[in-house]
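Subject: Handing over the model, with notes

Dear colleague,

Please find below the model that I promised to pass on, followed by an account of what was found in it. I would be glad if you could read the notes with the structure open beside them.

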Amino acid sequence: MENQLGLLRIRIVRGINLAIRDLRSSDPYVVVRMGKQKLKTRVVKKSVNPEWNEDLTLCVAEPILPIKLQVYDKDTFSRDDKMGDAELDIVPFIDAVRMTRFKNIPNGIIISRIIPSRKNCYSEESCIVYENGKVVQNAFVRLRNVECGEIELRLQWIDIPGSKNL
């Protein structure tokens, strides 16, 4: 734990208009990767608009590694089908966490805004906010390499007592 800067909690809220990979629907789940860490949500049966509301927590040692999301359709008798992917640069989020150190920041203040562009996977503007003593970011990300689909998620920074911190 001495090399860890903190924890990044990612709430995978829901999928929106995901691709159909079975006869009329899909059985989606999300795989989250950062460096060598890999976590995944549960499978939601027969839905192209799944609700996960699952918290996945990653240890952050290198604050420059991106978060990689991959969505799959669970299949029983064959390989799981790809339903798109997205990548999030966490540097703006880490910078916002650093900005809040040793400062008296009012609750609800917007620390930073991320504008969607061709260089990122955001589908709409995303704000990094100081909320109840924590840095959080709600985001909608557009899936790539697929005909349609978005994922709604929420990032939250968690300090580890005794860690290097940011």
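Y29 is buried, with a relative accessible area of 7%, where buried means under 20% relative accessible area, exposed means over 50%, and partly exposed is in between, computed with a 1.4 Å probe on the protein chains only. Y72 is likewise buried, at 15%. The rings of Y29 and Y72 have their centres 5.6 Å apart and their planes at 25°, so the pair is stacked; the rule here is that rings of Phe, Tyr and Trp (its six-membered ring) pair if their centres lie within 6.5 Å, with planes under 30 degrees apart counted as stacked, over 60 as edge-to-face and the rest as tilted. By this rule the count comes to one aromatic pair. Because Y29 lies in strand β2 (residues 28-34) and Y72 in strand β5 (residues 67-73), the pair ties together parts that are 43 residues apart in sequence.

Before going further, please note that this is a predicted model, in which local features need pLDDT of at least 70 and side-chain atom pairs count only at pLDDT 80 or more, while totals for chains, interfaces and linings use all residues. Residues are numbered from 1 along each chain as its sequence is written, and side-chain values use heavy atoms, with hydrogens and water left out.

On the strands, an open sheet of six has the order β4-β1-β10-β9-β8-β7, with antiparallel pairing. Helices (H or I, at least four residues) and strands (E, at least two) are DSSP runs numbered from the N terminus, and two strands pair if DSSP finds at least two bridges between them. The edge strands of this sheet are β4 (51-60) and β7 (109-114), each of which pairs on one side only. From one strand to the next the twist averages 20°, with axes taken as lines fitted to C-alpha atoms (for helices over the stretch in contact) and angles running from 0 to 180 degrees between N-to-C directions.

Within that sheet, β8 (residues 126-131) and β9 (residues 134-142) pair in the antiparallel sense over four bridges; I128 has Q137 of β9 as its bridge partner, and Y130 has V135. The hairpin of β8 and β9 has two residues between the strands, and N132 takes a positive phi near 50° there. G133 also belongs to the loop between β8 and β9, and it counts as partly exposed at 48% relative accessibility. Between β9 and β10 the antiparallel pairing runs over seven bridges, with R142 standing opposite E150 in β10. In the loop between β9 and β10 sits N145, which is exposed, with a relative accessible area of 67%, and whose phi is near 60°, a positive value in a residue other than glycine.

Elsewhere, β2 is joined to strand β3 (residues 37-40) by four bridges, and the two run antiparallel. M34 stands opposite Q37 in β3, and G35, in the hairpin of β2 and β3 with its two residues between the strands, takes a positive phi near 60°. N17, found in the loop between β1 and β2, has a positive phi of about 50° although it is not a glycine, and it counts as partly exposed at 44% relative accessibility.

The largest pocket holds about 150 Å³ of space. Grid points are joined across faces, edges and corners, and the volume is the space filled by probe spheres set on the points. The lining consists of V97, T100, R101, Y130, G133, K134, V135, W157, I158 and D159, and the elements that give two or more residues to it are β9 and β10 (150-158).

Finally, L8 lies in strand β1 (residues 6-16) and counts as buried at 0% relative accessibility. The C-alpha atoms of L8 and D159 are separated by 8.9 Å, although these residues are 151 apart along the chain.

With best wishes

Conventions: On a 1 Å grid over the protein atoms alone, a cavity is a set of points where a 1.4 Å probe fits but cannot get out, and a pocket is an open set with protein on both sides within 12 Å along at least five of seven lines; lining residues have an atom within 4 Å of a point.
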